[in-house]
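Keep the model open as you read.

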Amino acid sequence: MKKMKRSVGVVAVLAVALMSGAATAETLKIGMMGPLTGPYAADGNDIANGVRVAIEVINEAGGIEGFDTIELITQDTACDPKQAVAAANNLINDEVVGVVGAYCSSSTIPASETLAEEDILMLTPASTNEMVTDRGLPYMFRVCGRDDDQAPAAVRFMKEALGAKTVFIVDDKTTYSQGLADGVAASSKEMGLEVLAHEHVNQGDKDFSAILTKAKAAAPDVLYMSLQNHSSGSLMAIQANRMGLDAAILSQDAMFHPNFINVAKEAAEGVYVTFGYTDESTEAYKQFADKFSAQYGDIGAYAIYAYDAATVLLNGIKQAGSTDPAKIKEAIMAMDFQGASKQIKFNEKGDSGSSYIAFKIENGEYRPYWHPETGYYQ
């Protein structure tokens, strides 16, 4: 029913344009969904702002033929699966052509099922769980990396760069965090690293003393901290520091955010984080960074991927000369370009590849530290 409604609306607009013999003003609607409120709001707003910058850039380049305005419609998922489905339905009713989002894999997966029923493209800038693209949805794309690439990269870093023999793993039982932690545990076993324990906390916990006491008693070489949110990670790092935990701390891409350092402060110093490598010397990155920083300040972890995701969607529409999802997909699959975050080229699953390296926090900055193929950075 909704597919027919959208088609009839487009036909009606075209009919009016033909009868009048004049161009009719049209608005291109694209959606964004992510956690705009709650503990993950910083990440969600980074994503929304990344999309806004992409719209600004394409407008400066002449916009998209046939449309006078590009409208961004945002929906708050709060990283809740049910709210994410409701957000997807709202965007369907708003007749968006495509959606950038969501943040949490636990939101992206159910929301994408709803959008798929209406053949609406979805490009996630942040959801790394393998099932996002492994389900075979025809219009699902991912601009960030995958957990099954990040997990082995993290274990190689622990073993080869840190010389670790033992690891203590903690996750918060979310789809993303536990999935990645499970991957690290499996890769550790494959690479000969001993997992002393794999413990769980809950989202929203603020006191990690019980888990950290266990970790201290186990005396691991590395504490692997897999949490959904950088606020929780900051608290865990602070408490580990106060407790005198004698272990290197390695975390994942959710901790690659200025707020992790801003909150944890000295406790963040020396913490390692895996995240995708971005060549900041490219013109694509500089264009994005200059515009984003001028308007929104610090660049959050997934703002750059959201910018690239929106760029792909908007250029797909522009190159297709159509809002037909099949034609847009065809244009997207033909793309191979230097994005702000990395080289963008999608495979048959809808993935654009992973480029995980290890960063070390030094003097309040994330500094590239180790590459799985080339070793240490100078």
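**Helix packing, a pocket and backbone details**

The axes of helix 12 (residues 303-320) and helix 13 (residues 325-333) cross at roughly 110° and come within 8 Å. Helix 12 and helix 13 are therefore roughly perpendicular to each other. The model is predicted: local features need pLDDT of at least 70, side-chain atom pairs count only at pLDDT 80 or more, and totals for chains, interfaces and linings use all residues. Residues are numbered from 1 along each chain as its sequence is written, and side-chain values use heavy atoms, with hydrogens and water left out.

**Terms for the helices**

- Helices (H or I, at least four residues) and strands (E, at least two) are DSSP runs, numbered from the N terminus.
- Axes are lines fitted to C-alpha atoms, for helices over the stretch in contact, and angles run from 0 to 180 degrees between N-to-C directions.
- Angles under 35 degrees count as roughly parallel, over 145 as roughly antiparallel, 65 to 115 as roughly perpendicular and the rest as oblique.

**Helix 12 with helix 13**

- Helix 12 makes the contact through V312, G316, I317, Q319 and A320, and helix 13 through K327, I328, A331 and I332 (contact means heavy atoms within 4.5 Å).
- By class, this contact of helix 12 with helix 13 has 6 nonpolar, 2 polar and 1 charged residues (Ala, Val, Leu, Ile, Met, Phe, Trp, Tyr, Cys and Pro count as nonpolar, Asp, Glu, Lys and Arg as charged, and the others, Gly among them, as polar).

**Helix 6 with helix 7**

- Helix 6 (residues 147-161) packs on helix 7 (residues 175-191) at an angle of about 50°, with the axes 8 Å apart.
- That angle makes helix 6 oblique to helix 7.
- Helix 6 and helix 7 have a right-handed crossing.
- Helix 6 contributes D147, Q150, A151, P152, V155, R156, M158 and K159 to the contact, and helix 7 contributes Y176, L180, G183, V184, S187, S188 and M191.
- The contact of helix 6 with helix 7 has 8 nonpolar, 4 polar and 3 charged residues.

**Helix 2 with helix 11**

- The axes of helix 2 (residues 41-60) and helix 11 (residues 283-296) cross at roughly 120° and come within 10 Å.
- That makes helix 2 oblique to helix 11.
- The crossing of helix 2 and helix 11 is right-handed.
- In helix 2, D46, N49, G50, R52, V53, E56, V57 and E60 meet Q287, F288, K291, F292, Q295 and Y296 in helix 11.
- The contact of helix 2 with helix 11 divides into 5 nonpolar, 4 polar and 5 charged residues.

**Second largest pocket**

- The second largest pocket holds about 520 Å³ of space.
- On a 1 Å grid over the protein atoms alone, a pocket is an open set of points where a 1.4 Å probe fits, with protein on both sides within 12 Å along at least five of seven lines; lining residues have an atom within 4 Å of a point.
- Grid points are joined across faces, edges and corners, and a volume is the space filled by probe spheres set on the points.
- Of its 21 lining residues, F256, E280, Y285, I299 and Y366 are the closest to the centre of the second largest pocket.

**Backbone details**

- A cis peptide bond joins G101 and A102, with omega about -10°.
- A219 is not a glycine, yet has a positive phi of about 55°.

Conventions: Left-handed = near helix turned anticlockwise from the far one by under 90°.
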